[in-house]
Amino acid sequence: MRESKLKPSGSATLTYENKKYDFPVYSGTEGPNVIDIRKLYGEVDVFTYDPGFTSTASCESDITFIDGDKGILLYRGYSIDQLAEHSSFLEVCYLLLHGNLPNKKEMADFDRAITMHTMVHDQLSAFYRGFRRDAHPMAIMCGVVGALSSFYHDSTDINDPRQREIASHRLIAKMPTIAAMAYKYSVGQPFVYPLNSLGYTENFMRMTFSVPAEEYKINPILAKALDTIFILHADHEQNASTSTVRLAGSSGANPFACIAAGIACLWGPAHGGANEAALKMLEEIGTVDRIPEFIKRAKDPNDNFRLMGFGHRVYKNYDPRAKAMQVQCHNVLKEVGHENDELLKVAMELERIALQDDYFVSKKLYPNIDFYSGITLRALGFPVSMFTALFALARTVGWIAQWKEMIEDPHQKIGRPRQIYTGAAQRDYIPISKR
Ligand code: CMC
C-alpha cells in the first residue's frame with residue numbers, strides 16, 4: 001500500500017454566511033499547495049464548482065510533474081529532455097511503473113517479462129474480422145483492448161498485486177501487437193507475429209510495416225525517433241484520458257476495461273486526436289501563402305476553427321515535448337529525404353507567425369506535442385488514422401502506472417463528482433391527455 005506524503009503546511013479559512021471554517025493546506029514536492037476540502041460538504045453544506053477541473057487536484061501522485069509556466073515535465077523526477085535524449089521507451093516504462101531507473105539486472109528481467117507477453121491469444125485475431133476494413137484503428141483498439149478482459153481471467157483480480165503486475169505487463173506488451181494488427185487489417189495484409197529478439201519499438205515497426213513476402217530491415221534512426229516519440233507520450237499527469245482510467249478503475253473495474261475507457265477518451269480531437277487533426281489542418285493550409293487566412297480564422301470569435309497543435313490546458317509556456325518532437329521531426333525528414341517537405345515549411349512558418357501574433361502571445365498559446373508529431377509520423381510511414389493509436393500505445397504505461405497507484409492508495413474512493421442542479425424544481429406528473 002502507498003503511504004501518503006502530503007506535508008501539512010497551514011490552513012485556509014472560508015467565510016460563508018458569516019461563519020468561518022478552517023481547512024487544512026498541504027504541500028507536495030513541487031507545484032502549488034492544495035486546500036483539503038474533503039469535509040467541506042459535510043461541515044458547510046456547499047459544493048465547490050469547477051467544471052473541467054481547472055483548479056482541482058483529484059489525487060495524490062508520485063509519478064509525473066508538470067510546471068506549465070516554466071514548461072517543465074518530469075517523470076519520477078527526471079526531465080523529459082534527458083529521458084528523450086538518453087533513455088529508451090522500455091526503460092521509461094520501468095521508471096513509470098516502479099519509481100526508479102532500473103539497474104542492469106532489473107532492466108533485463110523487465111525486458112524479459114514484457115517480451116514474454118507480446119503475442120495475443122489466437123482467438124483474439126478472429127475479433128478483427130468482425131470490423132469493417134475501413135474501421136478507424138482507434139475504434140478497433142477500443143473494442144479489442146476491452147475484449148482482453150475476456151481472455152485473461154487470471155489477471156483481472158485487482159486486489160492481487162501479482163495479478164495487477166501481470167495485467168500491467170500484458171497491456172504494455174500487447175498494445176504494439178494490437179495496434180499493428182489494426183493497421184494490417186485495414187490494409188488487407190496478413191498479421192505479422194512479434195519477433196522477440198527485437199526491441200520493443202523495432203518489433204512494433206516490423207509488425208506494422210513488414211510483409212511475409214519481403215525481408216524487412218529496421219532503420220535504426222527511424223526506430224530511435226519512434227522510440228523517443230513513445231517516451232514523449234508515455235505519461236502526462238491527470239489529463240482527460242488518465243482521469244478517465246482512474247475514474248473507471250475507482251469502481252473496481254478490471255485494468256483491461258479501464259484502459260479501453262482511456263483509449264475512448266484519448267480519441268477526441270481536443271486530446272489524442274489532435275495529432276491527426278493537426279496534420280489534416282496543415283494539409284488543408286497546403287502552402288505558406290495561405291497561412292494568414294487560417295490565422296485570421298483562428299482569431300475570429302465567430303469561427304470555431306482552432307489552430308490544431310496549439311495551446312494546452314497546463315502549458316502556458318512552450319510544451320517541452322514539442323521541442324523534443326521538433327528535433328525528431330527534423331531527424332526523420334532528413335533520413336527519409338523529405339527535408340524540403342512542403343508541410344514542414346507550412347508548420348515552421350505557421351509557428352513563427354503565431355508566436356509573434358498578439359492573439360496567441362496574450363493567450364499563451366504555444367505549439368504542443370501534436371504540432372510536429374503528425375508530420376513526423378507521416379514521414380515514418382504511418383497513415384494519418386494510426387496517429388492516435390500510436391499515442392494510445394505509448395500512453396498505456398502511464399495509464400497503467402496511474403491506475404496501479406490509485407489501487408494502492410488507501411484513501412482511494414469511487415470517483416463521484418457532484419453538480420449544481422439548474423433543472424426544473426419538483427413538479428407533479430400530468431397525464432398525456434391533459435398536457
Ligand atoms: N487556436 C485558437 N485559439 C485557441 C486555441 C487554438 N488552438 N486554443 C485555445 N484558444 C483560445 C480559446 O478560443 C480561448 O479564447 P477566449 O478566452 O477568447 O474564449 C482561449 O484560447 C482559452 O482556450 P480554452 O479552450 O478555454 O483553453 P483550454 O485550456 O480549455 O483548452 C486545449 C486547451 C488544448 C483543449 C485548446 O488549446 C485546444 O483546443 N487546442 C487545439 C487542440 C490541441 O492541439 N489539443 C492537443 C493538446 S496536447 C496533447 C494532449 O494532451 O492530448
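Two strands pair if DSSP finds at least two bridges between them. Strands themselves (E, at least two residues) and helices (H or I, at least four) are DSSP runs, numbered from the N terminus. With that in hand, welcome to this structure.

This is a predicted model, in which local features need pLDDT of at least 70 and side-chain atom pairs count only at pLDDT 80 or more, while totals for chains, interfaces and linings use all residues. Residues are numbered from 1 along each chain as its sequence is written, and side-chain values use heavy atoms, with hydrogens and water left out.

Strands β1, β2 and β3 form an open sheet in the order β1-β2-β3, and their pairing is antiparallel. β1 (7-16) and β3 (34-35) are at the edges with a single partner strand each, so one side of each has no neighbour in the sheet. Eight bridges join β1 and β2 in the antiparallel sense. One place to look is P8, whose bridge partner in β2 is Y26.

P24 also belongs to strand β2 (residues 19-27). V34 is ten residues from P24 along the chain, and the C-alpha atoms of the two are separated by 8.5 Å.

A second open sheet has three strands in the order β4-β5-β6, again with antiparallel pairing. Here β4 and β6 (78-79) are the edge strands, each pairing on one side only. Four antiparallel bridges connect β4 with strand β5 (residues 72-75). Within this pairing, F65 has L74 in β5 as its bridge partner, and D67 stands opposite I72. Four residues lie between the strands of this hairpin, where G71 takes a positive phi near 70°.

What covers β4 (residues 64-67), one face or both? Both faces are covered: T64 and I66 are buried on one side, as are F65 and D67 on the other.

## Aromatic rings

The whole structure holds 19 aromatic pairs. Rings of Phe, Tyr and Trp (its six-membered ring) pair if their centres lie within 6.5 Å; planes under 30 degrees apart count as stacked, over 60 as edge-to-face and the rest as tilted. Among them is the tilted pair of Y41 and F47, 4.7 Å centre to centre with 40° between the planes. Y41 is partly exposed at 42% relative accessibility, and F47 is partly exposed at 36%.

Now compare F204 and F382, whose ring centres are 6.0 Å apart and whose planes lie at 10°, so this pair is stacked. It links distant parts of the chain: F204 is in helix α8 (residues 200-209), F382 is in the loop between α17 (369-380) and α18 (387-407), and 178 residues separate them. F204 is buried at 0% relative accessibility, and F382 is buried too, at 2%. Both rings belong to a cluster that ring pairs build from F89, Y183, Y200, F204, F209, F230 and F382.

Charged side chains also meet rings here. A charge sits over a ring if NZ of Lys or CZ of Arg is within 6 Å of the ring centre and within 35 degrees of the ring normal. R133 lies over the face of Y185, at 4.1 Å from the ring centre. The ring of Y41 has the charged end of R418 over it, 5.9 Å from its centre.

Two packed helices are described by the angle between their axes and the distance between the axes. Axes are lines fitted to C-alpha atoms, for helices over the stretch in contact, and angles run from 0 to 180 degrees between N-to-C directions.

| Helix pair | Axes come within | Crossing angle |
|---|---|---|
| α10 (residues 240-250) and α18 | 9 Å | roughly 40° |
| α12 (residues 274-285) and α18 | 7 Å | roughly 150° |

α10 is therefore oblique to α18, whereas α12 is roughly antiparallel to α18. Angles under 35 degrees count as roughly parallel, over 145 as roughly antiparallel, 65 to 115 as roughly perpendicular and the rest as oblique. The crossing of α10 and α18 is right-handed, and that of α12 and α18 is right-handed as well. A crossing is right-handed if the near helix is turned clockwise from the far one by less than a right angle, and left-handed if anticlockwise.

How values were computed
Buried < 20%, exposed > 50% of the residue type's maximum accessible area, 1.4 Å probe, protein only.
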